[in-house]
Amino acid sequence: MKHMLTKVVKEETKQITRNGSSMWGYYLVYKDENKKTHKVRKGRMKWGKDEAETALELLKEQLQNPEQVLSMCSKSIASVFIEYLDKKVDFKKHKERSHYDLSTKALKHILPNFLLPGIDKNKLHGLKLEDYKNITKSIDKIKKEDIEEWRDYLQSATYTKYAGSQKEVTYGLSKSTLINIQTLFKSIFTYAKNQDYIEVNPFKYFEKFTITKSSFKTKEKLKYQIIDKEQFKHLMKTIECHTNKNGKINQLQKLQDLAIYSILYTLSMRIGECLVLLVEDYDPEKRILDIKNNWDNVNNLITETKTENSTREKYVGDIAHHHIMNLINYYKEKGIYSSKLPLFSSFTTAKRRQGQVRLSPTTVRRYEEKYLKEAGLEHMRLHDFRHSSASTLIDEGYNSKDVADSLGNTQRMVEDIYAHMFKEKEKKMQKSFE
């Protein structure tokens with residue numbers, strides 16, 4: 001909308017068909033102050049005849065008012081970005097978990113580092129998100145050449161990881177990160193075009209836009225480490241006998257860790273699902289654990305479970321039941337029991353002063369390293385207990401649907417992730433006939 005309307009040559013609203021779908025839209029032909037002819041077509045699925053006529057009148061008013069046109073075209077990239085996220089993401093309900101994850105990362109990391117190339121990074125230090133509106137380029141000024149330059153920038157973008165206390169390792173962006181960032185940026189321009197903030201979407205010039213490989217070495221994906229039932233029992237005994245540097249046993253820590261590891265392994269749960277549990281989520285009479293939330297430790301908030309299938313009720317076996325009840329009884333003995341109490345609470349004064357009433361994965365992980373070393377086991381992540389649980393179930397002969405129900409995944413996800421395990425199981429089955 002850069003040209004002032006001086007004469008209407010043709011205007012109409014009509015029902016049109018696009019991609020097999022029927023909708024209402026308008027068609028406007030007009031001349032500008034230089035007597036140059038312009039054509040505008042637009043249609044929306046949600047429009048009826050009245051909405052199309054209203055939109056056409058609004059368009060003519062805007063084209064006849066240069067000051068208003070200027071204000072419409074002056075939105076910065078950051079302004080449109082923030083507006084897009086506000087309309088697309090409900091941060092309270094988190095209905096779209098994957099969209100929520102991407103948007104949270106974008107707000108804190110992707111926007112300043114990968115969507116705004118060419119800006120002096122020193123100017124960005126300590127800024128709030130709203131401050132970006134005043135220092136970023138107007139979105140209607142972005143051309144095809146800018147997108148090409150940005151693609152080159154993204155392909156060579158890096159981030160730094162610390163290995164040990166001093167060593168820094170630089171990596172390029174992974175394939176999934178590259179695709180997510182590009183998809184987000186493209187969505188912002190599509191949204192801007194739909195809102196009439198830009199006249200032409202510069203992405204239309206790119207038939208194949210997606211870059212999937214960085215110019216730098218990317219971080220290798222970690223392979224998960226598996227333990228079997230006997231190794232798990234050995235680890236649990238190690239935790240029971242663990243003492244601190246002074247040779248003393250921290251009773252609360254021991255009870256919490258035993259309950260956590262028994263839940264992660266025997267109930268196939270994620271660490272976030274485990275740490276978000278309240279005392280009331282466990283029914284000891286029916287032995288049912290209600291899994292309905294997940295803990296986002298980065299943003300210190302409760303979200304819905306990662307997938308729809310992850311919301312589930314789990315029957316708790318003897319091992320996990322024993323350790324959960326030991327922990328609950330400890331709370332009762334100390335007079336701190338409450339049905340609303342986080343099952344794995346942090347009772348250190350410093351943490352509670354900061355509002356951290358739950359144990360954090362970082363705390364659990366710190367002691368995990370000590371336990372694994374004392375037990376003589378290989379390094380493994382907390383999430384590897386979930387993989388170990390799946391491995392144990394497959395070894396016991398349960399099919400992919402049973403394993404998926406236990407993990408809270410879809411059957412297809414389980415078959416993709418653990419395909420090699422099911423193949424090994426088939427080989428063992430065939431040996432039964434030999």
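**Note on the helix packing and two local sites**

1. Helix 9 and helix 11 (residues 318-333) pack with their axes 8 Å apart, at an angle of about 150°. Axes here are lines fitted to C-alpha atoms, for helices over the stretch in contact, and angles run from 0 to 180 degrees between N-to-C directions. The two helices are therefore roughly antiparallel to each other, a label for angles over 145 degrees. Helices are DSSP runs (H or I, at least four residues) and strands likewise (E, at least two), numbered from the N terminus.

2. This is a predicted model, in which local features need pLDDT of at least 70 and side-chain atom pairs count only at pLDDT 80 or more, while totals for chains, interfaces and linings use all residues. Residues are numbered from 1 along each chain as its sequence is written, and side-chain values use heavy atoms, with hydrogens and water left out.

3. On the helix 9 side, the residues that meet helix 11 include L252, L255, L258 and I263. Their counterparts in helix 11 include I319, I324, L327, Y330 and Y331. Contact means heavy atoms within 4.5 Å.

4. Helix 13 (residues 361-375) has 15 residues, which at 1.5 Å a residue should span 21 Å; its end C-alpha atoms are 20 Å apart, which agrees. The expected span is 1.5 Å times one less than the number of residues. Just after helix 13, G376 takes a positive phi of about 75°.

5. The buried residues of helix 13 are P361, T363, V364, E368, Y371, L372 and A375. They cover an arc of only 155° around the axis, which puts them on the same side of helix 13. The arc is that of the directions from the helix axis to the C-beta atoms. Buried means under 20% relative accessible area, exposed over 50%, and partly exposed in between (1.4 Å probe, protein chains only). Among the elements covering these residues are helix 8 (229-241), helix 9 (251-266), helix 10 (271-275) and helix 14 (384-395).

6. K10 lies in strand 1 (residues 7-18). At 41% relative accessibility, K10 counts as partly exposed. Not counting residues up to four places away in sequence, K10 touches Y27, L28 and V29. V29 is 19 residues from K10 along the chain, and their C-alpha atoms are separated by 4.9 Å.

7. For the chain as a whole, there are 17 helices and 10 strands. Of its 434 residues, 41% count as buried. Among contacts with a separation of 6 or more, 61% are between residues 24 or more positions apart.

How values were computed
Parallel < 35°, antiparallel > 145°, perpendicular 65-115°, else oblique.
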